[in-house]
Amino acid sequence: MAWARKIFDAMRPFMAERRYVNYRGDDEAGDPVAAAYGPRYARREVKQKYDPANVFRLNRNIRPD
């Protein structure tokens, strides 16, 4: 595990600032979903309007308000 983290840290300068929302680790700190969506994460009214019961929750999703 330490070897993998070391390689990941070495490759970080070559990575994009954001990434596909499902490419995240379960051990990441903070809210990686919000980080993946960036400033658009604040636009959760679409999620609230079309999926208020959070039916599409199995993937890494935006939680409705």
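The following exercises, each with a worked solution, go through one predicted model of a protein chain.

Residues are numbered from 1 along each chain as its sequence is written. Because the model is predicted, local features need pLDDT of at least 70 and side-chain atom pairs count only at pLDDT 80 or more, while totals for chains, interfaces and linings use all residues, and side-chain values use heavy atoms, with hydrogens and water left out.

**Exercise 1. Describe the elements of the chain and the confidence in them.**

The chain has three helices and zero strands, and from the N terminus on the order reads α-α-α.

Next, turn to pLDDT, the predictor's confidence in each residue on a scale from 0 to 100. The chain averages 77, and 72% of the residues score at least 70. Helix 1 has the highest confidence, at a mean of 94, whereas helix 2 has the lowest, at 74. Where pLDDT is low, the predicted coordinates should not be read in detail.

**Exercise 2. Find what share of the chain counts as buried, and how much accessible surface the chain has.**

Of the 65 residues, 15% count as buried.

Then take the accessible surface, computed by the Shrake-Rupley method with a 1.4 Å probe, where for residues only the protein chains shown count as cover. The chain comes to about 5,700 Å², and carbon and sulfur atoms hold 58% of that surface.

**Exercise 3. Locate the salt bridge and say how exposed its two partners are.**

A salt bridge needs a side-chain nitrogen of Lys or Arg within 4 Å of a carboxyl oxygen of Asp or Glu. By this rule the count is one salt bridge, and its partners are Arg12 and Asp9, whose side chains meet at 3.6 Å, N to O. Arg12 is partly exposed because its relative accessible area is 46%, and Asp9 counts as partly exposed because its relative accessibility is 46%.

**Exercise 4. Examine Asn54 and Asp51 in the segment after helix 3.**

Begin with Asn54, which lies in the segment after helix 3 (45-50). Its phi is near 60°, a positive value in a residue other than glycine. Most residues other than glycine have a negative phi. Asn54 counts as buried because its relative accessibility is 15%.

Asp51 is also placed in the segment after helix 3, and it is buried because its relative accessible area is 7%. A polar atom of the Asp51 side chain lies 2.7 Å from the backbone nitrogen of Val55.

Note on methods
Helices (H or I, at least four residues) and strands (E, at least two) are DSSP runs, numbered from the N terminus. Buried means under 20% relative accessible area, exposed over 50%, partly exposed in between (1.4 Å probe, protein chains only). A polar contact is a pair of N or O atoms within 3.5 Å; within protein, one must be able to donate a hydrogen and the other to accept it, and residues adjacent in sequence count only if both atoms are side-chain atoms.
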